[in-house]
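The following report describes selected features of one protein model.

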Amino acid sequence: RLSSMSSLDKETVRKIAFLSRIKVSEEELGELAGDLTRILDFIEELQEVDVEGAAPLTSVADLTLPLRKDEVTDGNIQQKVLANAPKTDAGCFVVPKVVE
């Protein structure tokens, strides 16, 4: 665990890149180390927030989506969809073979 204001060295970033199977050039190591350090510092900052008693959210917007009526239909949607197809067989689309 990193303490606040510490930074990742290039060797640590090299190991992280290796374990992540990410190819990182030597020139990019320094920049990536800085980015990862800022991310870890932000995570530490978030861990300081007191969330005791806070209800979890599914969305930041307080929206209620309208529900459609649950109505019984004739179920002929397949025939309606297939009516637009140039060629059908046994209730399926007929398409040219693409794999040999």
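## Crossing of α1 and α2

The axes of helix α1 (residues 10-20) and helix α2 (residues 26-47) come within 9 Å of each other and cross at roughly 95°. Axes here are lines fitted to C-alpha atoms, for helices over the stretch in contact, and angles run from 0 to 180 degrees between N-to-C directions. The two helices α1 and α2 are therefore roughly perpendicular; angles under 35 degrees count as roughly parallel, over 145 as roughly antiparallel, 65 to 115 as roughly perpendicular and the rest as oblique. On the α1 side the contact (heavy atoms within 4.5 Å) is made by Lys-10, Val-13, Arg-14 and Ile-16, and on the α2 side by Glu-26, Leu-29, Gly-30, Leu-32, Ala-33 and Leu-36. The residues of this contact comprise 6 nonpolar, 1 polar and 3 charged. In that division Ala, Val, Leu, Ile, Met, Phe, Trp, Tyr, Cys and Pro count as nonpolar, Asp, Glu, Lys and Arg as charged, and the others, Gly among them, as polar.

## Basis of the description

The model is predicted: local features need pLDDT of at least 70, side-chain atom pairs count only at pLDDT 80 or more, and totals for chains, interfaces and linings use all residues. Residues are numbered from 1 along each chain as its sequence is written, and side-chain values use heavy atoms, with hydrogens and water left out. Helices (H or I, at least four residues) and strands (E, at least two) are DSSP runs, numbered from the N terminus.

Buried means under 20% relative accessible area, exposed over 50%, and partly exposed in between (1.4 Å probe, protein chains only). Thr-37 counts as buried because its relative accessibility is 9%. A polar atom of the Thr-37 side chain lies 3.0 Å from the backbone nitrogen of Leu-8. This is a polar contact, defined as a pair of N or O atoms within 3.5 Å; within protein, one must be able to donate a hydrogen and the other to accept it, and residues adjacent in sequence count only if both atoms are side-chain atoms.

Gly-34 also belongs to α2 and is partly exposed, with a relative accessible area of 23%. Its C-alpha atom is separated by 7.2 Å from that of Ser-7, 27 residues apart along the chain.

## Two loop residues with positive phi

Arg-21 is located in the loop between α1 and α2. Its phi is near 60°, a positive value in a residue other than glycine. Arg-21 is exposed, at 67% relative accessible area, and a polar atom of its side chain lies 2.9 Å from the backbone oxygen of Phe-18.

Ala-90 is found in the loop between β1 (88-89) and β2 (92-93). Phi of Ala-90 is near 55°, again a positive value in a residue other than glycine. With a relative accessibility of 76%, Ala-90 counts as exposed.

Gln-79 lies in helix α3 (residues 77-82) and is partly exposed, with a relative accessible area of 46%. Gln-79 and Cys-92 are 13 residues apart in sequence, and their C-alpha atoms are 9.8 Å apart in space.

Which residues does Leu-82 touch, not counting those up to four places away in sequence? They are Thr-88, Gly-91, Cys-92 and Phe-93. Leu-82, also in α3, is buried, with a relative accessible area of 15%. From C-alpha to C-alpha, Leu-82 and Ala-33 are 55 Å apart in space and 49 residues apart in sequence.
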